[in-house]
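Please look over the sequence and the 3D structure shown here before reading the points that follow. The briefing starts with contacts along the chain and then turns to helices, surface and aromatic rings.

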Amino acid sequence: MVKLKVKGDWNVIKGKLKQRYGNLTDDDLLFIKGKEEELIGRIQQKIGKTKQEIRDLLSRI
């Protein structure tokens, strides 16, 4: 399993994602340590991007 590398504060990143993709909810963006794949899967279902695209997006924010 590839670990999700998120730089910065998760609350700031979560806010930026919600601004960019209005259909994401707090429940979709709930980050639980060790459940990174589940988080990526929830985001993937909502915005229709690949897992790699989501990892890239999260690393750029």
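A contact here means that heavy atoms lie within 4.5 Å. In this model, which is predicted, residues 24 or more positions apart account for 44% of the contacts in the chain with a separation of 6 or more.

**Helices**
- The chain contains 3 helices and 0 strands, and its pattern, when read along the sequence, is α-α-α.

**Burial and surface**
- The chain has 61 residues, of which 31% count as buried.

**The aromatic pair**
- A pair of aromatic rings is described by the distance of the centres and the angle of the planes.
- By the rule that ring centres must lie within 6.5 Å, the count comes to 1 aromatic pair.
- The rings of tryptophan 10 and phenylalanine 31 have centres 5.5 Å apart and planes at 40°, so this pair is tilted.
- Because tryptophan 10 lies in helix H1 (residues 10–20) and phenylalanine 31 lies in the loop between H1 and helix H2 (36–47), the pair ties together parts that are 21 residues apart in sequence.

**The two partners**
- Tryptophan 10 has a relative accessibility of 14% and therefore counts as buried, since buried means under 20% relative accessible area.
- Phenylalanine 31, with a relative accessible area of 34%, is partly exposed.

Technical notes. Residues are numbered from 1 along each chain as its sequence is written. This is a predicted model: local features need pLDDT of at least 70, side-chain atom pairs count only at pLDDT 80 or more; totals for chains, interfaces and linings use all residues. Side-chain values use heavy atoms; hydrogens and water are left out. Rings of Phe, Tyr and Trp (its six-membered ring) pair if their centres lie within 6.5 Å; planes under 30 degrees apart count as stacked, over 60 as edge-to-face and the rest as tilted. Helices (H or I, at least four residues) and strands (E, at least two) are DSSP runs, numbered from the N terminus. Buried means under 20% relative accessible area, exposed over 50%, partly exposed in between (1.4 Å probe, protein chains only).
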